[in-house]
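Please report on the helix packing and the charge pairs of this model.

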Amino acid sequence: MAEPITNADRKAVHLLHAKGKSRNAIAREIGRGAATVSKIAAAEGLTFAGGARVAAATEVTRADAAARREQLADDALDGALGQVARTAAAESARDARDHATAARALTEVHARVAELARHTGTGNGGASMLDRIADALLGPNGGDHEGG
């Protein structure tokens with residue numbers, strides 16, 4: 001069973017909190033668990049500002065991920081357009097099919113990344129247009145044919 005909270009614990013939490021220590025730092029210093037420090041702080045009307053720091057860091061991470069998704073979508077679109085150009089210039093039907101298949105795959109990457117961006121509130125909404133272009137070029141099955 002846990003040791004009861006003492007007046008010495010309360011005084012130590014107050015003193016260390018006033019010095020700007022974090023909940024975990026206080027817990028380490030007084031030899032009590034973080035939950036105990038939180039319990040004392042709540043009872044004494046004390047709060048810790050760490051949540052704001054974590055929230056800011058989380059937002060930076062989300063913004064970075066959104067920027068990377070946007071870059072991935074742009075790169076996939078550029079790659080798809082390059083493959084479409086190679087399809088038109090292909091020397092054989094097999095090469096044209098291979099380029100068209102690659103264009104479809106890159107278009108699908110772009111569409112999936114754009115869909116993820118829509119669900120997370122970032123990015124643009126051009127995926128449906130790209131799907132229509134790919135379907136027009138390759139058919140709705142992406143140029144895949146049964147049996148080969």
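Is R104 buried or exposed? R104 is buried, because its relative accessible area is 12%. Buried means under 20% relative accessible area, exposed means over 50%, and partly exposed lies in between (1.4 Å probe, protein chains only).

This is a predicted model, in which local features need pLDDT of at least 70 and side-chain atom pairs count only at pLDDT 80 or more, while totals for chains, interfaces and linings use all residues. Residues are numbered from 1 along each chain as its sequence is written, and side-chain values use heavy atoms, with hydrogens and water left out.

**Overall make-up**

The chain has six helices and zero strands. From the N terminus on, the order is α-α-α-α-α-α. Helices (H or I, at least four residues) and strands (E, at least two) are DSSP runs, numbered from the N terminus. Of the 148 residues in the chain, 25% are buried. Contact means heavy atoms within 4.5 Å. Take the contacts between residues at least 6 apart in sequence: 54% of them join residues at least 24 apart.

**Helices α1 and α2**

Two packed helices are described by the angle between their axes and the distance between the axes. Helix α1 covers residues 7-18 and helix α2 covers residues 23-30. Their axes come within 10 Å and cross at roughly 135°. Axes are lines fitted to C-alpha atoms, for helices over the stretch in contact, and angles run from 0 to 180 degrees between N-to-C directions. The two helices are therefore oblique to each other. On this scale, angles under 35 degrees are roughly parallel, over 145 roughly antiparallel, 65 to 115 roughly perpendicular, and the rest oblique.

From α1, the contact draws on A12, V13, L16 and H17; from α2, on I26, E29 and I30. By class, that gives five nonpolar, one polar and one charged residues. Here Ala, Val, Leu, Ile, Met, Phe, Trp, Tyr, Cys and Pro count as nonpolar, Asp, Glu, Lys and Arg as charged, and the others, Gly among them, as polar.

The buried residues of α2 are A25, I26 and A27. The buried residues of α2 pack against α1 and α3. Just after α2, G31 takes a positive phi of about 70°.

**Salt bridges**

Side chains of opposite charge can pair when their charged atoms come close. A salt bridge is a side-chain nitrogen of Lys or Arg within 4 Å of a carboxyl oxygen of Asp or Glu. The whole structure holds six salt bridges. Among them are these:

| Salt bridge | Closest N and O atoms |
|---|---|
| D9 with R32 | 2.6 Å |
| K21 with E29 | 3.9 Å |
| R104 with E108 | 2.9 Å |

The pair of D9 and R32 links distant parts of the chain, 23 residues apart. D9 sits in helix α1; R32 sits in the loop between α2 and α3 (34-44). Both D9 and R32 are buried. K21 counts as partly exposed, because its relative accessibility is 34%.

R104 and E108 both lie in helix α5 (residues 93-120). They are four residues apart, so about one helical turn separates them. E108 has 27% relative accessibility and therefore counts as partly exposed.

**A link across the sequence**

R69 belongs to helix α4 (residues 50-88). R69 is buried, with a relative accessible area of 18%. R69 and A117 are 48 residues apart in sequence. In space, R69 and A117 are 7.4 Å apart, C-alpha to C-alpha.
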